[in-house]
Each structure stands twice: as C-alpha cells, then as structure tokens.
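Here is a short report on one chain, from overall form down to single residues. Keep the model open while reading.

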Amino acid sequence: MICKLCKTYFLDVFSFDRWFDFPDLCPSCKEKFQVSIHFESIPIDNGQIDYYYIYDDLSLNTHEDIYLSRYLDRLYLKILDVEDTYDLFIYYDDLLDHTFYELGPLIKDYRKVFFFSLMRKDLVYKDIFL
Ligand SMILES: [Zn+2]
C-alpha cells in the first residue's frame, strides 16, 4: 500500500476482520499525526475564549493540511455537544491569522467564544481588542 501522506510503500498486517479495510497511512505517519484534542482558555473582557486544536507542534504542507482536515470532525462533534454553552464559534485558519485584527469588533459583544483549528496558532499574544 502507499501512504496517502508521505507516499511511501508499506505493508500492513493482514487479518480477516480487516479484509476490506485498507489503511491510508503508514505506521510512521499514524504515529506522527495521531489525533488528540488540545485546549486553551484565554480570558477576555467579561468573558473567555476557549481554543481547541488538534495538532500542536507540527508544520504541515498544503497536502498534509488538506488530508488531515478530515480530523476536524472530532471538533465538529465537540461543537455539537457544547453548542448551547457558547455564543460564537470561529474556525481559525491561515487566512484568519492574517486578518486577526478584524475580529475584535466582531467578538467584543460575546462572552463565551469557541475557537477551533487544525494546527495550534498563538492566540495569547494577539491583540484582539485594539
Ligand atoms: Zn506515511
């Protein structure tokens, strides 16, 4: 099989219970891109931003970013669980990273804001409210 991320050939252990279930990723990529949800809470004026992300210290190329975006479904399920407790949900991608200063007027009226992204962005030192 060919790994969908690093494009190397790999062999997987054959078993009858996985007869039609072919792995997409090699063992090395499975280990490297293991999914875990991280969480940070950032206080803002009269409220807080809760920031959820999946990967912490990785730099992804575009192909990896697109492929691994499928794991955002874990955060979508999290959003469905907590949708009544937050006022605003914002997906934080690279485009938003460049226009972050425009968020201040948008979120200043909300008290509980849910940010989520695939990769960790440094929100603590951003000037949201200029
Ligand atoms: Zn791989």
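The model is predicted.

## Overall form

How does the radius of gyration of the chain stand against that of a compact globule of 130 residues? The globule would come out near 14 Å, but the chain has 18 Å. Along its principal axes, the C-alpha trace spans about 55 × 30 × 15 Å.

Of the 130 residues, 13% count as buried. The contacts can be sorted by sequence separation. Take those between residues at least 6 apart in sequence: 63% of them join residues at least 24 apart.

## Secondary structure

The chain has five helices and four strands. Their order along the sequence is α-β-β-α-α-β-α-α-β. Helix 1 covers residues 27-32.

Strand 1 runs over residues 38-44. Strand 2 takes in residues 47-55. The two pair in the antiparallel sense, over seven bridges. For H38, the bridge partner in strand 2 is Y53. Two residues separate the strands, and the whole forms a hairpin.

How many of the seven residues of strand 1 are buried? The count is zero, and strand 1 is hardly covered. In a regular strand, side chains alternate between the two faces of the sheet.

Most residues other than glycine have a negative phi. Two residues of the chain are worth a look against that background.

K7 is not a glycine, yet its phi is positive, at about 60 degrees. K7 sits in the segment before helix 1. Is K7 buried or exposed? K7 has 9 C-beta neighbours inside 10 Å, so K7 counts as exposed.

N46 is also not a glycine, and its phi is positive at about 60 degrees. Where does N46 lie? N46 is in the loop between strand 1 and strand 2, in the turn of the hairpin. N46 is exposed, because 9 other C-beta atoms lie within 10 Å.

Conventions:
Residues are numbered from 1 along each chain as its sequence is written. This is a predicted model: local features need pLDDT of at least 70, side-chain atom pairs count only at pLDDT 80 or more; totals for chains, interfaces and linings use all residues. The radius of gyration is taken over C-alpha atoms; the globule rule is 2.2 Å times the number of residues to the power 0.38. A residue is buried if 20 or more other C-beta atoms lie within 10 Å of its own, exposed if 12 or fewer, and partly exposed in between; C-beta atoms are placed from the backbone. Two residues are in contact if their C-beta atoms, placed from the backbone, lie within 7 Å. Two strands pair if DSSP finds at least two bridges between them.
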